[in-house]
Amino acid sequence: MPSSYVRTDDVLSERYSSSRALEHEIAHGNTDLIKALTILGCVGPFKTVSPWEYQDPQGKRLINTGGYSAVPFGDGYPPLVKFLQSYLENLHSIGLPQQSASNWRAALEFNLIKLLASQDPTHADSKVFFSNSGAEANEAAIKFAKAARPRAKHILNFRRAYHGKTQMTMSLTPNPSIQKDFGPLAPNIHTHPYGDLDAVKTTIKKLGADNVVAVILEPLQGEAGVILPPEGFLKGLSEVCQATGILLIVDEIQSGLGRTGSWFASTDGGMQPDIITLAKPLGGGMAAVGATIYRKWIFDKVLGGLDCKRHSNTFGGNSLAMAVGLKSLEILIDENLPERSARMGKLALDRLKGIQQKYPEFITDVRGKGMLMAMVFRDITRLGVVQANKDLAELVSEASGLLALRQFYQNGLILNLSLNSTRTLRLTPALTMPDDLFNEMLNRVEATARKNPRASRLLVNTPPKTLLDLVKFAT
Ligand SMILES: Cc1ncc(COP(=O)(O)O)c(C=O)c1O
């Protein structure tokens, strides 16, 4: 390969510098995302110091509480790394078993169904289809549901839901900033306030249950900023589906496999889903693994008989991804991580509530279940700081989350934004994060609040040049 190319050795040996990486990202990647992160001073690229800690190019050490719930063990968690080394050293499986049985895929199919059946025995003979992302898992859920109820045309969903950004899943994600420019969206989608069972019942009555394919929901809304369903809603909705034959599709891509303190937030809430989608933690923070679990009769409607290739993909079920998925599930089970998530999450939420009460002019609300936690920040514009200029006020209001993100970074924490809630930051630490680091994470949250006792301090504590660059970037 000519020397003008970047060689793998260059990246492995770190001869490929972070400044060259940034240059290439800006030239050929998501330029504006990289630029925005550069303005905020948190662009990386990061090196791992431990599975739970990163170092930025300036040498700053950070605790990673980001990862959008897809990093269940941290980066380079030794049991997963050791397993992958032995997987690669003992390679005897074909990489893409598209037209053959596969030990790795079979084992993961078996274990996933065994796990689900341990929570809901009616799934003992269910089936799995593997894909490469959460969105793809949801696409497959809707597609199979339609085939299972071919005469029905309508799908019910919920406000502020997040199901992905492919054409169908974006249509089910009722966020105008995500949907604009991509119409026509999929038709016959009926959106309800999250948690409003009566509204769902009214729609079903209006449309006729036989005309409704499915209801799709997150059993706890993640990208909306960790919104918990009202008591009894999940069970009630499940009962409505059972009584009417409408299929219940539960998107557990963010909530499932331990993040919220149980194996499945849906079954934990009394639901009996017909279709469950999984992704994020199944990839162990290392590989792309999406899975859609169906009741057998639904699966067979699409892939029965000679139609058994009617839905397929090239990479889903590949051996490396399946091996990572199998090991990830094994670690989650062996280390009892859902239980740890519930226990540590409860402690953290209590502490966060205390911090919120101490600094209500900075943090207006905290929410959480297990190790999926959110903090909502006061709208700077509501404090009368920049009310004179409406456009600027809107921008600053939107930017509150970004300025808070920057402040947490300055205090050594990487947090997550929330796609459907601009002033909400999420903490999604690895479920394996050691106790002392977990405490340190909360200490750093408190230190950041102490430094910004009122949201308006976010402006004072951001250098004028950064503010100016942000305004220029956004306008
Ligand atoms: C609940 C939920 N569904 C679906 C998705 C989409 O997953 P992916 O980004 O892998 O396509 C996400 C991602 O954040 C999610 O949180």
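**An enclosed strand**

Author: The part selected is strand β10, which is largely enclosed by the rest of the structure, because 5 of its 5 residues are buried. A residue is called buried if 20 or more other C-beta atoms, placed from the backbone, lie within 10 Å of its own; it is exposed with 12 or fewer, and partly exposed in between. The model is predicted, so local features need pLDDT of at least 70 and side-chain atom pairs count only at pLDDT 80 or more, while totals for chains, interfaces and linings use all residues. Residues are numbered from 1 along each chain as its sequence is written.

In a regular strand, side chains alternate between the two faces of the sheet. From β10, Gly290, Thr292 and Tyr294 point one way, whereas Ala291 and Ile293 point the other way, and all are buried.

Strands here are DSSP E runs of at least two residues and helices are H or I runs of at least four, numbered from the N terminus. Two strands pair if DSSP finds at least two bridges between them. With β4, strand β10 pairs in the antiparallel sense over 5 bridges, and Val128 has Ile293 as its bridge partner there. With β9 (residues 275-278), β10 (residues 290-294) is joined by 4 bridges, and these two strands also run antiparallel. Ile276 of this arrangement stands opposite Ile293, while Ile275 has Tyr294 as its bridge partner.

Contact requires C-beta atoms, placed from the backbone, within 7 Å; axes are lines fitted to C-alpha atoms, for helices over the stretch in contact, and angles run from 0 to 180 degrees between N-to-C directions.

As for the whole, the protein chain has 18 helices and 14 strands. Buried residues make up 46% of its 475 residues. Among contacts between residues at least 6 apart in sequence, 72% join residues at least 24 apart. The C-alpha atoms fill a box of roughly 65 × 60 × 45 Å, taken along the principal axes.

How values were computed:
Contact = placed C-beta atoms within 7 Å.
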